[in-house]
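Visitor: Hi! Could you walk me through this one? I'll jump around a bit.
Guide: Happy to, go ahead.

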Amino acid sequence: MERAIRGNQSARMDSAGRTRTVFLLLACAGFLLASAPAPAAEETAAVTVVRPQTRTVEQSADIFGTFQAPDRSLVGSLVAGALKSLDADEGDAVKAGQVLAALDSADYQLALDLARQQQATARAQVDQAKAGLALCETNLATARADLDRIKPVVESGSFPKQKLDHAQNGFDAATAARSQAAAALSLAASQAALAETQVAIAKKRLADCRILAPYDGVVSQRLANLGEWIMPGKPVFAVEKVNPIEVKGDLSEVYLARTGISAPVEVSVDGAAGGPWKTELSEIAPTADPRTRTVTVTARLKNPDRVFRPGMSARLKIILSRQKGALVIPSRCLLAADGGKQGDGKVFVVENGVARMRALTLGEPFREWITVVSGLSPEDRVVSWGQSKLKDGDRVIVKETKSGGEK
């Protein structure tokens, strides 16, 4: 019986120990739960968004150019002589036909006077020859009338034959005299024509003593001095046409397939107010430079006020294509792997506070923009800043909405 009592006491002690152990375990678990951190709330990213814009997109090639005169002439005299006067100098604007300089023309004036005297003599000889021919024609007519009158009378026997012979001889003599008078008139006319030519030549040489501007332009160089002996062909001035003026530049051959004659061009000149000036390509060189792989292109600009001068530099913007109503976004919106190149690309758009990755078909880039062929609408909100750490489905807070052109 005592053994049974001790057994019951041990059982009660074991039960109490287990109870204390369970209590201690529950207490430790409660402490651990109480000291564990609370679960974090779902994180959100702050982003800036833009809306796609509709714009006219231009693709262009920008090159440097130089102004050149479309025409440049070395102007001199066609006759020899001493340079007597200079009526223009470097930098002067001139008109076509304007006198630039003159040679001493005294000798040429004397030659003209002599030619005119010879002309007057030749004309007088022509008049005399005409009068002689007229007299001979009158005599011939009289001789013919006498012959016609005497011939039938002699044949009838009323007059002796000597009368007919005399009339015939008179007619023959008148005919010969008329021929000689006609020859003399022809010779006088030839001499008169020669005298006319000599007068024309003398006039031309006298006129050639003046050096004239070949066209409207500007004197770029004076190449002779007063008193200098000028030979035919020696240049006295260089004259350049500056209105219109040409601007030339070297365009890479890679753009040739996308441009042509009449392509729009915008010309800018540093320090010149009023630009850029709009014109078009007027010429494309038929060959390329094998060293630079470029082709020389030319555009023309009106230059009535001589704003542009030969030798000045310019920038040419050649419009390769122009697309109206294109949907564009800033290139920075594209995920870095796409790089803003033509083809496929990806962006994040914000829909109901969630960032959604959107696949796009991209067109050509221009400046800081990229055209979007498909994948976006003007109402979409495209992430422009903060997209580098986003994943599809992340919740976002739109920190700021900006226009497509702002940063």
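Visitor: How do S3 and S10 pair, and over how many bridges?
Guide: S3 and S10 run antiparallel to each other, with 5 bridges between them. In one of these, leucine 74 has alanine 238 in S10 as its bridge partner. Keep in mind that this is a predicted model.

Visitor: How many bridges join S8 and S10?
Guide: There are 4 bridges, again in the antiparallel sense. Arginine 222 stands opposite phenylalanine 237 in S10. S8 (residues 217-222) also pairs with S5, over 2 bridges, and valine 94 faces glycine 217 there.

Visitor: Is S10 mostly covered or mostly open?
Guide: Mostly covered: of the 6 residues in S10 (residues 235-240), 5 are buried.

Visitor: New topic, rings. How many aromatic pairs are there?
Guide: The count is 2 aromatic pairs. In a stacked one, phenylalanine 67 and phenylalanine 308 have their centres 4.8 Å apart and 15° between their planes. Phenylalanine 67 is in strand S2 (residues 53-68), while phenylalanine 308 is in the loop between S14 (294-301) and S15 (313-330), 241 residues apart.

Visitor: Are phenylalanine 67 and phenylalanine 308 buried or exposed?
Guide: Both phenylalanine 67 and phenylalanine 308 are buried. For phenylalanine 308 the relative accessible area is 3%, and it counts as buried because that value is under the 20% limit.

Visitor: Why is the pair of tryptophan 277 and phenylalanine 308 called edge-to-face?
Guide: Because their planes are at 90°, with the ring centres 4.9 Å apart; edge-to-face takes an angle over 60 degrees. Tryptophan 277 belongs to strand S13 (residues 277-284), and the pair ties together parts 31 residues apart in sequence. Phe67, Trp277 and Phe308 form one aromatic cluster.

Visitor: What lies over the face of tyrosine 215?
Guide: That would be lysine 241, 5.0 Å from the ring centre.

Visitor: On to helices. How many residues does H3 have, and how far does it reach?
Guide: H3 (residues 161-207) has 47 residues and reaches 69 Å from its first C-alpha to its last, close to the 69 Å expected.

Visitor: Which residues of H3 are buried?
Guide: Among them are Leu164, Ala167, Phe171, Ala174, Ala181 and Leu185. In an α-helix there are 3.6 residues a turn, so residues three or four places apart point the same way. What covers the buried residues of H3 includes helix H2 (106-156) and strand S7 (210-212).

Visitor: What does alanine 102 touch?
Guide: Leaving out residues up to four places away in sequence, alanine 102 touches Ala82, Leu83, Lys84, Ser85, Asp87, Cys209 and Arg210. The C-alpha atoms of alanine 102 and cysteine 209 are 5.5 Å apart, although 107 residues separate them along the chain. Alanine 102 sits in strand S6 (residues 99-103) and is buried, at 15% relative accessibility.

Visitor: Since a cysteine came up, how many disulfides are there?
Guide: A search of the whole structure finds 0 disulfides. As for individual cysteines, cysteine 136 is buried at 14% relative accessibility, and cysteine 333 is buried at 0%.

Definitions and conventions
Residues are numbered from 1 along each chain as its sequence is written. This is a predicted model: local features need pLDDT of at least 70, side-chain atom pairs count only at pLDDT 80 or more; totals for chains, interfaces and linings use all residues. Side-chain values use heavy atoms; hydrogens and water are left out. Rings of Phe, Tyr and Trp (its six-membered ring) pair if their centres lie within 6.5 Å; planes under 30 degrees apart count as stacked, over 60 as edge-to-face and the rest as tilted. Buried means under 20% relative accessible area, exposed over 50%, partly exposed in between (1.4 Å probe, protein chains only). A charge sits over a ring if NZ of Lys or CZ of Arg is within 6 Å of the ring centre and within 35 degrees of the ring normal. Contact means heavy atoms within 4.5 Å. A disulfide is a pair of cysteine sulfur atoms within 2.5 Å. The expected span of a helix is 1.5 Å times one less than its number of residues. Two strands pair if DSSP finds at least two bridges between them.
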